[in-house]
Amino acid sequence: MITGVGGQGTILSSDILAAVGLAAGYDVKKSDILGLAIRGGAVLGHIRWGEQVHSPIVPEGRVDYLVAFEILEGLRRLDQVRPEGMVLINQQQIHPVSVSSGLAAYPDGESADQAFEAAVERVYRIPGLDIAQELGNARVLNVVLLGALSATLPVEPEIWENVLQERVPAKYKDLNIQAFRNGRAWMQERI
Amino acid sequence: MKVLLSGNEALARGAYEYGVQVATGYPGTPSSEILENVARYEEIYSEWSVNEKVAMDAAIGACYAGKRAMVAMKSVGMNVAADSFFYVPYTGVRGGLVIVVADDPGMFSSQNEQDNRQYGRFAKMPVLEPSDSQESKDFVGAALELSEQWDTPVILRTVMRISHSASPVELGERAADDGSPTPPLKRDPHRLVCTCVWAKYQHPVIEKRLKKLAEFANTYPLNRLEWGDRSLGIVAGGAVYSYAREVFPEASFLKLGMSYPLPQALIQELADGVEQLLVIEELDPFLEGQIKAMGIECRGKEIFPAYGELTPAVIEKSAAEAGILPKDAVKGARELPLPELAGRSPILCPGCPHRSTFYLLNKMNDIVVAGDIGCYNLGAQPPYNATDTMGSMGASIGVAHGFDIAGIPDRFMAVIGDSTFFHAGIPPLLDIVHNGGKSTVVILDNHTTAMTGHQDHPGVGFRLGGAPAPKVEIEAVVRACGVTDVHKVDAFDVKAVEQTFKAALDFDGPSVVIVEGPCFFVGPGATRAYAVDSDACIACGICFKLGCPAIVRSEEVNAKTGKPKAEIDPVLCVGCDMCAQVCKSDAIYRVEE
């Protein structure tokens, strides 16, 4: 399950994730919830790989991998992850307008951490934006996070990189491949 | 070769492979990507029509001319098109005619949750429902074949979860067009002129056709008996079939590819072969009612809700409550010690031209606002809380007129977007002028059909695929409707918009204000970002009332009031300048490079 805020590139990453599954020989289904507004709303993608996949929706409480592009959105979907599952959380806060207009508060770091720890043993807090910005382009955040996820899945990195090359603009191919590798390397050092 | 396609991409691919020559529609979530993808095939003429009814009539005309035609729209678009598709079963078709409708169970982006299978029965035409992307493609071919064989339009009904989900599809090729020119129209007024004198002879033909189709449904390969465990039989089609398969992998199924008319013999066979028969369908008890009317015992809506998506989780919970599944089979979302989670509703984007209007309508809070369908419907949400009504495309102007003739003492206005004005706003504006109404109508002209993904409309100067088109000026249309008090104002000049609203509201007669400014996504793009001078900021909070995602709370507070000062996120800010205009202490400035 991929979650984040509109404009962060979550849709492209769920497209890539589904295509990688197909290229690796799995049956695949993917479902995106596209919000009313293009930017600023919560975005959610369900991706399933398997021998035979019926429903495009991941069953409630049975998510194996949650990739959260943003902390609040990660918390929002945390109850969908099974206890043996894994949470990859990009260390970024994007304040919704409900917070800036004073109607609600952004969860504080401590209670967020407690919730993540209570949900699963395997929580990885990824400085995704920092890794992307080291490459000079914050927009490759989505590929950095895919790289991190790839280190935990049984698919050869060549398959990932082939799909990436097909899906990203030619101009940014090298940048995206590097973002993927840096994300993957970050994760490999920690698992 | 198998490729991953969304349901909407697969529907477009089906139009290509099965020889559709004309495709029309009006954008609406979750259907918009169908025509956008059809437009990539130059073999097919495609257009965004001005509304669904025009799209329907244009597709019908093309089919009378012998072309294979597709028309695509969202759930509620069917209501706009209905007047037209009700006559086609009477006239019959020449080229195949497939009406693609994308329903929205769960109401992700619609004003109601209508079940458009009902229209098949109501207008007396077959309904097909694909369960994944492969079927979405295949069923376009099946629908065209049915249409031509049975001389009837065919509804191909998808739902959000089919349209916006992707799964593998085997691609085929399009048969080469023979290149012959379109022949002159074969005239046949006794069929094609639906006057009562002639049409009444067609009604018995339709009834006979439906009976034969119901018989044919028993052997139609799209309806499939799948025998499994005989203790439980399930009738399901479309998206729900995949959910039900997930929850009951061992059960016996009748998988319905055609949900109207129904294959009675197959249903009977399943009922006879199992201990218990369930009908699992989203929204209305459409199948269940008909199956019960056949005298076949089954259970459906007594167990499963008649609203929302019947996701595997909902099916599982409902079935467990009814004792069909053991209680411990239900996992569900986990109970976790979560902090309070701030909501993240969709919001007007940074740089949105609608922001000034709703900021002002919130400020002038005595004004009753009849709203309409589009991004500007977000004006009903905090922090604006400005919009009082919203119901359907174009309704704002008629509803405001209703306030007028009812004599409400409040000041009031209608607020409608440019694409919606062309779609359904012109007749009610004419009505106001004709009947001496005095409403104020605000047209938010952002040069695009924004909410559904920036499709063209008659005012933008290009058509689907990007070819140039005549640009219809809204101001000229409004004046041609007979409105004399017409104002045009720059959406990014907050003070000017305020003054114009006041002038129009004060005018003793119908007024139109065109608030003009491009949607950020079709405009010139970002300029330099703005920043807040923290020393100058007095933490009055006015800029927060703009509801801009780029304006966030600073850690710094006003020492006297304890209120948070403002900060601008330089990544999100696109430099629209509105915050600098409303700031009373000149604390917001443009960052020099």
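## Basis of the model

The model is predicted: local features need pLDDT of at least 70, side-chain atom pairs count only at pLDDT 80 or more, and totals for chains, interfaces and linings use all residues. Residues are numbered from 1 along each chain as its sequence is written, while chains are lettered from A and ligands numbered from 1 in the order in which they are written.

Helices (H or I, at least four residues) and strands (E, at least two) are DSSP runs, numbered from the N terminus.

Within S8(B), B:Ala166 stands opposite A:Lys30.

## A helix pair in chain A

Helix H7 (residues 157–167) and helix H8 (residues 173–188) of chain A have axes that come within 10 Å and cross at roughly 150 degrees. Axes are lines fitted to C-alpha atoms, for helices over the stretch in contact, and angles run from 0 to 180 degrees between N-to-C directions. From H7(A), the contact uses A:Pro157, A:Trp160, A:Glu161, A:Leu164 and A:Gln165, and from H8(A) it uses A:Lys173, A:Asn176, A:Ile177, A:Phe180 and A:Arg184. These residues divide into five nonpolar, two polar and three charged.

## Strand S4 of chain B

Strand S4 of chain B (residues 69–74) is largely enclosed by the rest of the structure, because six of its six residues are buried. Buried means that 20 or more other C-beta atoms lie within 10 Å of a residue's own, with C-beta atoms placed from the backbone. In a regular strand the side chains alternate between the two faces of the sheet. B:Ala69, B:Val71 and B:Met73 point one way from S4(B), B:Met70, B:Ala72 and B:Lys74 point the other way, and all are buried.

S4(B) runs parallel to strand S2 of chain B (residues 22–25), joined by four bridges, and B:Ala72 is the bridge partner of B:Gly25. Six bridges join S4(B) to strand S5 of chain B (residues 97–103), also parallel, where B:Val98 stands opposite B:Met70.

An automatic or database domain assignment gives chain B domain 1 (2–176 + 185–217), domain 2 (224–328), domain 3 (355–516) and domain 4 (530–590). The C-alpha centres of domain 2 and domain 3 of chain B lie 46 Å apart.

Five strands of chain B form an open sheet in the order S14-S15-S16-S18-S17, with parallel pairing. Strands S14 (367–370) and S17 (485–490) stand at the edges with a single partner strand each, so one side of each is left without a neighbour in the sheet. Five bridges join S15 (residues 411–417) and S16 (residues 440–445) of chain B, and B:Thr440 in S16(B) is the bridge partner of B:Met413. Helix H17 of chain B (residues 395–406) lies across S14, S15 and S16 of chain B, at about 170 degrees to S15(B).

Definitions and conventions
Pairing = 2+ DSSP bridges. Contact = placed C-beta atoms within 7 Å. Nonpolar A, V, L, I, M, F, W, Y, C, P; charged D, E, K, R; others polar. Buried ≥ 20, exposed ≤ 12 C-beta atoms within 10 Å, placed from the backbone.
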